[in-house]
Amino acid sequence: MKNLNFVLKKLIRMLLLLAAVSVAAFGLVSLSPIDPLQANVGQAALGSMSEEQKDKLKSYWGVDTPPVERYLNWAKDFVRGDMGVSLLYRQNVSDVIAVKLVNSLFLLLFAWVISGVLGLALGILAGVNRGRWPDKAVKVYSLTIASTPAFWLALLLLMIFAVWLKVLPVGLSVPIGMEAESVTFLDRVRHAILPAVTLSITGVANIALHTRQKVIDVMESEYVLFAQARGESTWQIIRHHCLRNILLPAMTLQFASISEIIGGSVLVEQVFSYPGLGQAAVTAGTGSDVPLLLGITMITALIVFAGNFLANVLYGVVDPRIRRGGERG
Amino acid sequence: MEEKILLEIRNFSISFTQYERGLRQKELTVIRDLNVRVRAGELVAVVGSSGSGKSLLAHGILGILPYNSRCEGEILYRGEPLTRRRLKKLRGREIVLVPQSVAYLDPLMKVGRQVRSSRKDAESKNRVKALFRQANLPENTEDKYPFELSGGMARRVLVSTARMGQPNLVIADEPTPGMHLDAAKQTMQAFREMADGGAGVLLITHDLELAVETADRIVVFYAGETLEEEPASAFMQEETLRHPYSKALWRAMPAHGFASAPGSQPYGADRPEGCIYGPRCPEYTCACGAEIPFVPAGEGWVRCLRCVEQGEGGEET
């Protein structure tokens, strides 16, 4: 009963969130100063068109429909499961997103796992050795990276590995001029390495710094003092007490970082011309492709929400205070 | 007798470096010139009210003080200095701590596993079960998490940690508060048994009554200083006590009128010159403004000029 309530509450919250996000996203696009006709057709082509042709284009891009009506039309279809047709790609939004998401998923998953594992390890290393050189090294790395824009880091890696060393491709997700059938999985991996590494490097910094602080809190706790007083070695303390107690905050961090990684992927995919969800979002935004932009916004919001929801559920499974405390009511 | 002294703490001080307003550093002394001796088979109680620095004494002996603290003086174990390296080998085996509260248990680990230090062998498991049964804990306590224990149960679990091995020296930090009188007495009895079994027990407590009942010797601790050390029997009557603070403590016991002395214990920075009890002492004279030595008196030791003047004094340490 309690669990059902919990899920129901979360579900309602999710619906409210999606509604709010769609309104906000739509409102922002409506306020955008970009004229879809000029942006997508071009000033010169527009000048040579007849009024009739222009009117046709206007209705295609929805310029002459009031925003509220357009939003309601979109929402009505969305509720029925129809995300509409992308104005730029002239395909169903769901199909476009499916293709782009698969491309991005590799980047996102790679960055998510690497930043989580590496961030946790570095954070523990720093926290346990607080004030000594491993801590200082991790801190310098993390603070430097945390204050470095992701796109700049992407450019730097691009210059080093693609331009100077020529070991990795400059951009895109597949080799240029190759038939789709002859592209191997390895080709795809090679193209994804640089953007994925960029995302990981930035993600690691954040997680390492947060984990370090948690580890310091745990290492200063009374139960670690007592473990020391009982003769447990530093390694035993890390294994028995430290990992156990930073697991919960680490989980929260890890699931919260999903949103940051998706956000970062928008910039990074742009730099590497990687045809993923992030790049599609930029294209949709600058091209006034409202259905596509809203579709992407909804999907990413859902992914982020699902991440947080999962963290909440896992909390109940992992933390005995919630698990057993709940049983007793 | 000398070779049987297990733990000897000589002129021991603990101070903290604190930053106040900007970058100005300040030394805050919380324990000053402390002297305690524990012999094998003896239960010594350090009695003081809360805020007197008692817990820090326990942490100081076991080397688990925070990083911004500094210790001075000597700690000898079996006649040899208790260095960090030696301590690392001894603690948890020969020297054990019974900490103050449930906060000293890992909140996410079952208590049974904590008591046996994550050892997995059947022998350890059985030992934990036996110890818990001995401490009158319910059958399945080892599978409980700390948050599922009552305060009294948690304390009994903490005491059990000390009995896992065969310790020679037990440092117990406030093991009884929050317990029923019966449970508290039972816990004290457990320490008495450990002492009778040959271990030295240093018990840090605020409960003079329980201490008088079970301890061999009592050290009166006030604002980080030892004021008097006497055999427990001296605390049966007010007359056999020397220091005015010890007498005030005696009078504050429920059976002796519950009288509280005016004023409160000074803390760190507000330390008065000379006798630390001076501002509250009814017998204060101007001579008490100087440094007061801790001197032998009768069967005990005392840090008070007046008591020495009364003709029982000895020479300075």
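Visitor: Which residues in helix 6 of chain B are buried?

Guide: This is a predicted model. In helix 6 of chain B, the buried residues are A184(B), T187(B), M188(B), A190(B), F191(B), M194(B) and A195(B).

Visitor: How do you know that the buried residues of helix 6 of chain B line one face?

Guide: Look down the axis of helix 6 of chain B. The buried residues fall within an arc of 145°, so they line one face of the helix.

Visitor: Which residues are exposed on the other side of helix 6 of chain B?

Guide: L181(B), D182(B), Q189(B) and D196(B) are exposed there.

Visitor: What covers the buried residues of helix 6 of chain B?

Guide: The cover includes three strands of chain B: strand 3 (43-47), strand 7 (169-173) and strand 8 (200-205). It also includes helix 5 (151-163) and helix 7 (208-214) of chain B.

Visitor: How many residues does helix 6 of chain B have, and what span is expected?

Guide: Helix 6 of chain B covers residues 181-196, which is 16 residues. At 1.5 Å a residue, 22 Å is expected. From first C-alpha to last, helix 6 of chain B reaches 22 Å, close to that value. G198(B) follows the helix, with a positive phi near 110°.

Visitor: Why is R217(B) called buried?

Guide: The cut-off is 20 or more other C-beta atoms within 10 Å. R217(B) has 22 such neighbours, so R217(B) counts as buried. R217(B) sits in strand 9 (residues 217-222) of chain B.

Visitor: What does R217(B) touch?

Guide: Leave out residues up to four places away in sequence. R217(B) then touches E42(B), V44(B), E229(B), E230(B), P231(B) and A232(B). A contact needs C-beta atoms within 7 Å.

Visitor: What makes strand 2 and strand 5 of chain B stand at the edges of their sheet?

Guide: The open sheet has 4 strands in the order 2-1-4-5, with antiparallel pairing. Strand 2 (24-39) and strand 5 (80-81) each have a single partner strand, so one side of each is left without a neighbour in the sheet.

Visitor: How do you know that strand 1 and strand 4 of chain B pair?

Guide: Pairing needs at least two bridges. Strand 1 (residues 5-20) and strand 4 (residues 69-77) of chain B are joined by 8 bridges and run antiparallel. In one of these, S13(B) has E72(B) as its partner. I9(B) has I75(B) as its partner.

Visitor: How many bridges join strand 4 of chain B to strand 5 of chain B?

Guide: There are 2 bridges, and the strands run antiparallel. L76(B) stands opposite P81(B). The hairpin has 2 residues between the strands, and R78(B) takes a positive phi near 50°.

Visitor: How do you know that the radius of gyration of chain B agrees with a compact globule?

Guide: A compact globule of 317 residues would have a value near 20 Å. Chain B has 20 Å, so the two agree. In chain B, 42% of the 317 residues are buried.

Visitor: What is the mean pLDDT of chain B, and where does pLDDT stay under 50?

Guide: The mean is 82, and 94% of the residues of chain B reach 70 or more. Over residues 311-317 of chain B, pLDDT stays under 50. Where pLDDT is low, the predicted coordinates should not be read in detail.

Note on methods. Residues numbered from 1 in each chain as written. Chains lettered and ligands numbered in written order. Predicted model: local features only at pLDDT ≥ 70, side-chain atom pairs only at ≥ 80, totals over all residues. Rg over C-alpha atoms; globule rule 2.2 N^0.38 Å. Buried ≥ 20, exposed ≤ 12 C-beta atoms within 10 Å, placed from the backbone. Expected span 1.5 Å × (residues − 1). Arc of directions from axis to C-beta. Contact = placed C-beta atoms within 7 Å. pLDDT = per-residue confidence, 0-100.
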